[in-house]
Amino acid sequence: MNQKERLSLFDREQRIEIEFPDMEKQILPHVIRFVRPAPGMSFILYSDLNGTDLDAVIEEQITYFSERQQPFEWKVYDHDEPAGLRERLVAAGFEPEDPDAVMVLDLETAPASLLERGGAEEHTYTIRQITTREGLADVIRVEEQVWGGNFDWISGRLGAHLEVPDYLSVYVAYVEAEPAATGWIYFHPGSDHFASIWGGSTVEQFRGRGLYTALLARRAREAQERGYRYLTLDASPMSRPIVARHGFELLTYAHACEWPQTDD
């Protein structure tokens with residue numbers, strides 16, 4: 001499968017046919033949006049705006065969410081058409097975040113050095129799968145140490161997702177019983193070839209021990225065992241060179257454009 005074919009499959013499975021169990025999927029003539037009850041974040045994940053009045057479609061989405069007082073973002077990918085959509089959104093008042101590199105790993109050709117990772121090293125750490133809402137306290141502990149702020153939302157959102165069969169797997173790496181790193185993987189309904197990984201975070205004092213890579217390997221093996229062909233992640237500038245060393249390739253760039261909330 002060449003790059004163009006893989007990108008087309010990604011769009012179909014990860015943006016068009018994908019389902020999120022806790023969100024309402026609304027398929028409109030030119031956009032596909034996923035809606036959570038306020039104050040949860042909603043988003044537009046796919047758009048096909050060639051031949052449309054672009055500004056009118058943008059205004060329709062702003063009006064829809066503003067009337068419901070719902071925060072939302074518009075996810076724009078580099079290959080979306082028409083070109084310049086991100087710039088038009090910014091001109092309309094959206095606030096752009098830094099782009100993420102969408103990286104993809106073909107599990108059929110993934111390096112054995114990744115898929116076999118976690119054997120000899122495991123005498124220095126232990127990886128456990130979290131299967132209960134209560135167990136997510138260790139995930140929250142890691143995320144808050146790495147990023148600061150409050151991550152209590154993890155208990156509600158990921159806790160609910162853990163109750164959906166075969167949907168989410170969450171892992172924590174422990175060093176001497178201390179939660180040191182975490183990451184999770186989603187197997188979305190409507191996506192037969194792609195599994196997506198999220199939340200790769202390591203507490204600063206435990207970095208340099210291979211925990212990020214070990215968690216990456218554990219999730220890659222699970223996806224492979226469950227029959228998935230590709231593994232994707234939205235990589236930051238910090239994580240991109242790490243995953244590239246393990247066979248991940250750039251698929252496209254994703255730009256989250258958030259509609260600003262006001263106190264009115």
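A hairpin of 6 residues links strand E2 to strand E3 in this predicted model. The two strands are antiparallel and pair over 4 bridges, with Arg33 placed opposite Ile44 in E3.

- Strand E2 covers residues 31-35, and 5 of its 5 residues are buried.
- In a regular strand the side chains alternate between the two faces of the sheet.
- In E2 both faces are covered: Val31, Arg33 and Val35 are buried on one side, and Ile32 and Phe34 are buried on the other.
- Glu24 stands opposite Val35 in E2.
- Val35 has a relative accessible area of 8% and therefore counts as buried, the cut-off being under 20%.
- Val35 and Leu105 are 70 residues apart along the chain, and their C-alpha atoms are separated by 29 Å.

**Helix H1**

- Helix H1 runs over residues 3-16; at 1.5 Å a residue its 14 residues should span 20 Å, and the 18 Å between its end C-alpha atoms agrees with this.
- At the start of H1, a side-chain oxygen of Asn2 comes to within 3.2 Å of the backbone nitrogen of Lys4.
- The buried residues of H1 are Arg6, Leu7, Leu9, Phe10, Asp11, Glu13, Gln14 and Arg15.
- An α-helix has 3.6 residues a turn, so residues three or four places apart point the same way.
- Arg15 lies in H1 and is buried, with a relative accessible area of 0%.
- The side chain of Arg15 makes a polar contact of 3.1 Å with that of Asp11.
- A further polar contact, of 2.9 Å, joins the side chains of Arg15 and Asp80.

**The second largest pocket**

- The second largest pocket holds about 170 Å³ of space.
- Its lining consists of Asp11, Ile16, Tyr46, Ser47, Asp48, Leu49, Asn50, His79, Asp80 and Glu81.
- H1 and strand E3 (42-47) are the elements that give two or more residues to this lining.
- By class, the lining comprises 3 nonpolar, 3 polar and 4 charged residues.
- Asp11 and Asp80 are among the lining residues; Asp11 is in polar contact with Arg15, and Asp80 is likewise in polar contact with Arg15.

**Strand E6 between two partners**

- Strand E6 (residues 100-106) is mostly covered, with 6 of its 7 residues buried.
- E6 runs antiparallel to strand E12 (residues 249-258), to which 5 bridges join it.
- E6 also pairs with strand E11 (residues 230-235), in the antiparallel sense and over 6 bridges.
- Ala101 stands opposite Tyr253 in E12 and opposite Ala235 in E11.

**Backbone geometry in the loops**

- Most residues other than glycine have a negative phi, and most peptide bonds are trans.
- The peptide bond joining Glu81 and Pro82 is cis, with omega at about 0°.
- Pro82 is placed in the loop between strand E4 (72-77) and helix H3 (85-91), while Glu81 is one of the residues that line the second largest pocket.
- Gln69 is not a glycine, yet has a positive phi of about 55°.
- Gln69 lies in the loop between helix H2 (54-67) and E4; its relative accessible area of 57% is over the 50% cut-off, so Gln69 counts as exposed.
- Glu176, also not a glycine, has a positive phi of about 50°.
- The loop that holds Glu176 lies between strand E8 (168-175) and strand E9 (178-186), and Glu176 counts as exposed because its relative accessibility is 79%.

Notes
Residues are numbered from 1 along each chain as its sequence is written. This is a predicted model: local features need pLDDT of at least 70, side-chain atom pairs count only at pLDDT 80 or more; totals for chains, interfaces and linings use all residues. Side-chain values use heavy atoms; hydrogens and water are left out. The expected span of a helix is 1.5 Å times one less than its number of residues. Buried means under 20% relative accessible area, exposed over 50%, partly exposed in between (1.4 Å probe, protein chains only). A polar contact is a pair of N or O atoms within 3.5 Å; within protein, one must be able to donate a hydrogen and the other to accept it, and residues adjacent in sequence count only if both atoms are side-chain atoms. Two strands pair if DSSP finds at least two bridges between them. On a 1 Å grid over the protein atoms alone, a cavity is a set of points where a 1.4 Å probe fits but cannot get out, and a pocket is an open set with protein on both sides within 12 Å along at least five of seven lines; lining residues have an atom within 4 Å of a point. Grid points are joined across faces, edges and corners, and a volume is the space filled by probe spheres set on the points. Ala, Val, Leu, Ile, Met, Phe, Trp, Tyr, Cys and Pro count as nonpolar, Asp, Glu, Lys and Arg as charged, and the others, Gly among them, as polar.
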